[in-house]
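Biologist: Could we go through this structure together, starting with its charged side chains? Please put it on the screen.
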Amino acid sequence: MRMSVPSKHYRELCELFASLESTKEADHLFQDLFTPQEIDSLIERWQIIQLLAKGVPQRAIAEKLNISISTITRGSRALQYGSGGFQYFLKKLKKLPR
């Protein structure tokens, strides 16, 4: 679910991310686009998704990352019922267990 941002602006942001050609470019963009706290939140969310995809129990993830179960549950819902983006990129980046 997206905030009520005009679709043109959302599309432009998607195009911006799609234009990235390297991790170095991504790093430069992220450093300018996000605050350090926002980057930390993105990193945490990606860690949660990867651990959930590997079958790590939510309580173990909470202890490992020192975060609440409710934060992990939100990630779990996105992984199970989201648009499929997490599953796609987990496979693309070979982050799913074999």
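Biologist: Where do K8 and E12 lie, and how many residues apart are they?
Modeller: This is a predicted model. In it, K8 and E12 both belong to helix α1, which covers residues 7-18. They are four residues apart, about one turn of the helix.

Biologist: What do the two side chains form, and how far apart are the closest N and O atoms?
Modeller: K8 and E12 form a salt bridge, with 3.8 Å between the closest N and O atoms.

Biologist: How many salt bridges does a search of the whole structure find?
Modeller: The search finds one salt bridge.

Biologist: Let us step back to the fold. How many helices and strands are there?
Modeller: The protein has six helices and zero strands, so the pattern along the sequence reads α-α-α-α-α-α. Its C-alpha atoms fill a box of roughly 40 × 30 × 25 Å along the principal axes. The protein has 98 residues, of which 18% count as buried.

Biologist: What share of the contacts comes from residues 24 or more positions apart?
Modeller: Such pairs account for 35% of the contacts with a separation of 6 or more.

Biologist: Which residues make up the largest nonpolar core?
Modeller: That core has twelve residues, including I48, I49, L51, L52, I61, L65, I72 and L90. Helices α3, α4 and α5 each supply at least two residues of this core, and α3 gives the most, with five. In soluble globular proteins, nonpolar side chains tend to be buried together.

Biologist: What does L65 touch, apart from residues up to four places away in sequence?
Modeller: L65 touches E44, Q47, I48 and L51.

Biologist: And Q50: which helix is it in, and is it buried or exposed?
Modeller: Q50 sits in helix α3. It counts as buried because its relative accessibility is 14%, under the 20% limit. Leaving aside neighbours within four places in sequence, Q50 is in contact with L90 and K95. L90 is also one of the residues of the largest nonpolar core.

Biologist: Changing topic, what is the volume of the largest pocket, and which residues lie nearest its centre?
Modeller: The volume of the largest pocket is about 2,200 Å³. The lining has 41 residues, and F17, F30, L42, R45 and F86 lie nearest the centre.

Biologist: Which helices supply the lining?
Modeller: Helices α1, α2 (23-33), α3 (36-53), α5 and α6 (85-92) each supply at least two residues. The most come from α3, with ten residues.

Biologist: How many of the lining residues are nonpolar, polar and charged?
Modeller: The lining divides into 23 nonpolar, eleven polar and seven charged residues.

Biologist: Is N66 buried or exposed, and what separates its C-alpha atom from that of Y81?
Modeller: N66 is exposed because its relative accessible area is 70%, over the 50% limit. The C-alpha atoms of N66 and Y81 are separated by 25 Å, and the two residues are 15 residues apart along the chain.

Conventions: Residues are numbered from 1 along each chain as its sequence is written. This is a predicted model: local features need pLDDT of at least 70, side-chain atom pairs count only at pLDDT 80 or more; totals for chains, interfaces and linings use all residues. Side-chain values use heavy atoms; hydrogens and water are left out. Buried means under 20% relative accessible area, exposed over 50%, partly exposed in between (1.4 Å probe, protein chains only). A salt bridge is a side-chain nitrogen of Lys or Arg within 4 Å of a carboxyl oxygen of Asp or Glu. On a 1 Å grid over the protein atoms alone, a cavity is a set of points where a 1.4 Å probe fits but cannot get out, and a pocket is an open set with protein on both sides within 12 Å along at least five of seven lines; lining residues have an atom within 4 Å of a point. Grid points are joined across faces, edges and corners, and a volume is the space filled by probe spheres set on the points. Ala, Val, Leu, Ile, Met, Phe, Trp, Tyr, Cys and Pro count as nonpolar, Asp, Glu, Lys and Arg as charged, and the others, Gly among them, as polar. A nonpolar core is a set of buried Ala, Val, Leu, Ile, Met, Phe, Trp, Tyr and Cys residues joined through side-chain atoms within 4.5 Å. Contact means heavy atoms within 4.5 Å.
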